[in-house]
Amino acid sequence: QVLNRLDDVLPLLILPRIHLMPVKDWADPRDVQYAKQKYGLMGFSYKEAAARFGSVLDEVNALLGEMEKLLEGKDSVNSWGFGMDDLMALPSVRSLTCVKGVRWPPKVRHWLETHCAQAGVLLYDKWALGHVPP
């Protein structure tokens with residue numbers, strides 16, 4: 001399953017960048033420190049993520065290409081319309097907008113923008129970051 005494979009590698013791209021996004025959740029440095037410590041204790045390595053940035057970005061871009069083929073509906077994962085599969089995938093895919101260099105297949109980008117706009121949720125594209133030091 002493409003979405004499961006995406007979930008396996010997304011933290012390597014998202015975690016080093018998401019706390020640098022100018023949103024209220026990350027305005028307090030204590031929240032950033034807590035998150036970094038929490039993920040570090042869970043085994044996440046910011047150093048490894050930085051070292052693997054290029055290869056993981058290539059893998060994610062390929063997986064998004066596969067995801068595009070799986071979008072059965074015009075604006076949904078399934079042919080019958082928006083559902084639980086969309087709800088499960090949207091947050092992770094949205095978080096990828098904080099990563100510079102993601103190549104968005106048109107159908108995936110349309111799906112993402114459509115549902116985030118309907119929910120009133122902003123995307124991080126204008127603040128997206130490429131390689132960040134650990």
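**Spaces, core and cysteines**

Lining residues of the largest pocket divide into 10 nonpolar, 4 polar and 3 charged; here Ala, Val, Leu, Ile, Met, Phe, Trp, Tyr, Cys and Pro count as nonpolar, Asp, Glu, Lys and Arg as charged, and the others, Gly among them, as polar. This is a predicted model, in which local features need pLDDT of at least 70 and side-chain atom pairs count only at pLDDT 80 or more, while totals for chains, interfaces and linings use all residues. Residues are numbered from 1 along each chain as its sequence is written, and side-chain values use heavy atoms, with hydrogens and water left out.

**Pocket and cavity**

- The largest pocket holds about 280 Å³ of space. On a 1 Å grid over the protein atoms alone, a pocket is an open set of points with protein on both sides within 12 Å along at least five of seven lines, a cavity is a set where a 1.4 Å probe fits but cannot get out, and lining residues have an atom within 4 Å of a point.
- Of the 17 residues lining this pocket, Gln1, Leu3, Val77, Asp85 and Ala89 are the closest to its centre.
- Helices H1, H4 (53-70) and H5 (84-95) each supply at least two residues of the pocket lining; helices are DSSP runs (H or I, at least four residues) numbered from the N terminus.
- There is 1 cavity of 30 Å³ or more, and about 40 Å³ of space lies in the largest cavity. Grid points are joined across faces, edges and corners, and a volume is the space filled by probe spheres set on the points.
- The lining of the largest cavity includes Trp26, Lys36 and Tyr46, and H2 gives the most to this lining, with 4 residues.

**Nonpolar core**

- In the largest nonpolar core, of 38 residues, Leu6, Val60, Leu64, Met67, Leu96 and Trp111 touch the most other members. Such a core is a set of buried Ala, Val, Leu, Ile, Met, Phe, Trp, Tyr and Cys residues joined through side-chain atoms within 4.5 Å.
- The largest share of this core, 10 residues, comes from H1.
- Leaving aside neighbours within four places in sequence, Leu96 is in contact (heavy atoms within 4.5 Å) with residues including Leu10, Val60 and Trp104.

**Cysteines**

- The count of disulfides (pairs of cysteine sulfur atoms within 2.5 Å) comes to 0.
- Cys98 is in no disulfide, and the nearest cysteine sulfur, that of Cys116, is 13 Å away.
- Cys98 counts as buried because its relative accessibility is 0%, and Cys116 counts as buried at 6%. Buried means under 20% relative accessible area, exposed over 50%, and partly exposed in between (1.4 Å probe, protein chains only).
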